[in-house]
Amino acid sequence: MALFSLFFYGFVLTAAIGLLASWIDRKVTARVQYRVGPPLLQPVVDIIKLLGKETLVPAGASKVAFLLPPVVGLSSVIAVSALLWVNNLNPAEGFLGDLIVAVYLLTIPAIAIMMGGFASRNPLASVGASREMKLLLSYELPFVLAILVPVIKAGFDIRLGAILSVQADRGVFLGSLSGFLAWVVALLCMQAKLGLVPFDIAEAETEIIGGPLIEYSGSALAVYRLMKNMLLFTLPFFLMILFMGGLRLDGIHLAYGLLKYVGLVALVTVIRNTNPRVRIDQAVRFFWGRVTVLAAVAVLLALRGW
Amino acid sequence: MSIKLKALLKSPWVFHLSTGSCNNCDIEVLDCLTPRFDIERFGMLLAGSIRHADVLLVTGSANRKSVVRLKQLYEQVPKPCLVVAIGECSLSRGMFIHSYNCPVPLDKIIPVDVYIPGCPPKPEAIIAGVVKLINRVSEKAAAKK
């Protein structure tokens, strides 16, 4: 059963929705720029094409350190997606502290990108990887503070199942003031976790031409792309579970759930299309300054019961 | 046609390489990405890194300084890859044909799959050239069977 949910929910379903979401993202971006945009199956075709290409390892780079990180990143995304799905479908099945496990696993993709960047022996990749590290350090603090708000509201329970069932009884946390503030903070952190504009500082196509991914080709790049596309499902889904009552599959609630998800993806896409890239020092100041203050205010309000 | 080749032709990521052109062809290449022409319709993306590329768009007259880099980059593309020569200079060296600095045309240095003439070629011509390339490759694969 556990293997089935790991394979089906964690990989197949998440990858399918993630690839579809990345198509929505590219299509909306194209429409914003008055272009036609790619056909529906384009993200899938991209992955298949990359799987069929030659995988090159740069001269002098360690083969293990270069080719292992994509696999580590992808498997952590699969694990966290399976965890979220199982909790969402059956809130009673969770274990104590699965929220903490999810937060841990969600940082591993960024760490995998950093490892790959440093292993590839390319100066631009090293610059990108060090930026990724600074970005990770900056957004983790407000992200964890924002996650504290649902925990407080669920009566200091660190189980995803408890957070979901409290929301099913008393309405979603997004409806309260502290919940809304924490949701905004989590949304900004999600943008940085996904590595999208204005926080695509680590990749910065026009500046350090892909950053940590610069030396990756063939199937290693395909795994990284699949990992990023799957994160485009996993992170909004995580936010939905924490603040918006999850994804319920019965009757009209399914339509609401899909609306919530597509709405989050569209919001991410609009933010990415209407903002310029910020510098890394600006991003760190933004997350440690205003965003952390906002998250702290949300936590205090949640403690007062607002 | 194998699924590998089919996927390659449906999502050719292009890498844009100037070997000493006057920048006019390069501007026309960038024009293909603008809303008016939008080559992302065909799944083409402009790759920043040579390791992500499937198609090498070469402009310019391949002068002595850039030939070294050109060979190096051609070796760094993950195979299979295709090469497109864009503009008069990369086809036959154009007005630099008698120059001391451009001893041989591009197709004597690396294998070229399709030639797009013009000084500079229009974006329409570039897109038509790439379509011809795709048709030729798929015909070749069909003939092989």
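At which residue does helix 1 of chain A bend? The bend is at A:T14 and amounts to about 30°. The model described here is predicted.

## Helix 1 of chain A

Helix 1 of chain A covers residues 2-32, which makes 31 residues. From its first C-alpha to its last it reaches 42 Å, close to the 45 Å expected at 1.5 Å a residue. The residue at the bend, A:T14, is also one of the buried residues of this helix.

Just after helix 1 of chain A comes A:Y34, where phi is positive, at about 60°.

## Helix 11 of chain A

Helix 11 of chain A runs over residues 280-303. Its 24 residues should span 34 Å at 1.5 Å a residue, and the end C-alpha atoms are 33 Å apart, so the two values agree. The helix has a kink of about 35°, centred on A:T292. Just after helix 11 of chain A, A:G305 takes a positive phi of about 90°.

The buried residues of helix 11 of chain A are A:A283, A:F287, A:V291, A:A295, A:A298, A:V299 and A:A302. An α-helix has 3.6 residues a turn, so residues three or four places apart point the same way. Among the elements that cover the buried residues of helix 11 are helix 5 (123-153) and helix 7 (177-194) of chain A.

A:A302 belongs to helix 11 of chain A. Is A:A302 buried or exposed? A:A302 counts as buried because 22 other C-beta atoms lie within 10 Å, and the cut-off for a buried residue is 20 or more.

Leaving out residues up to four places away in sequence, A:A302 touches A:V149, A:I152, A:K153 and A:S178. A:S176 is 126 residues from A:A302 along the chain, yet their C-alpha atoms are separated by 8.9 Å.

## Strand 3 of chain B

Strand 3 of chain B consists of residues 82-86 and is mostly covered, with five of its five residues buried. B:L82, B:V84 and B:I86 point one way from the strand, while B:V83 and B:A85 point the other way. The residues on both sides are buried.

Strand 3 of chain B runs parallel to strand 2 (residues 55-59) of chain B, and five bridges join the two. Within this pairing, B:A85 is the bridge partner of B:V58. Between strand 2 and strand 3 of chain B the chain passes through helix 3 (residues 64-76), and this β-α-β crossover is right-handed. Strand 4 (residues 114-116) of chain B also runs parallel to strand 3, joined to it by three bridges. Here B:A85 stands opposite B:Y115 of strand 4.

## Cis peptide bonds in chain B

The peptide bond from B:K79 to B:P80 is cis, with omega near 0°. B:P80 sits in the loop between helix 3 and strand 3 of chain B.

Another cis peptide bond leads from B:C119 to B:P120, with omega near -10°. B:P120 is found in the loop between strand 4 and helix 5 (123-144) of chain B.

## Positive phi outside glycine

A:F156 is not a glycine but has a positive phi of about 55°. The residue lies in the loop between helix 5 and helix 6 (160-170) of chain A. A:F156 is exposed because 9 other C-beta atoms lie within 10 Å, where the cut-off for an exposed residue is 12 or fewer.

B:R93, a residue other than glycine, also has a positive phi, near 75°. This residue is in the loop between helix 4 (88-92) and strand 4 of chain B. B:R93 is buried, since it has 21 other C-beta atoms within 10 Å.

## Where the chains meet

How many residues of chain B are in contact with chain A? There are 17, and they contact 25 residues of chain A. By class, the side of chain B that touches chain A has seven charged, five polar and five nonpolar residues.

Key. Residues numbered from 1 in each chain as written. Chains lettered and ligands numbered in written order. Predicted model: local features only at pLDDT ≥ 70, side-chain atom pairs only at ≥ 80, totals over all residues. Contact = placed C-beta atoms within 7 Å. Nonpolar A, V, L, I, M, F, W, Y, C, P; charged D, E, K, R; others polar. Helix = DSSP H or I, 4+ residues; strand = E, 2+ residues; numbered from the N terminus. Expected span 1.5 Å × (residues − 1). Bend = angle between axes of the 7 residues up to and from the residue. Pairing = 2+ DSSP bridges. Right-handed = clockwise from strand over helix to strand, strands pointing away.
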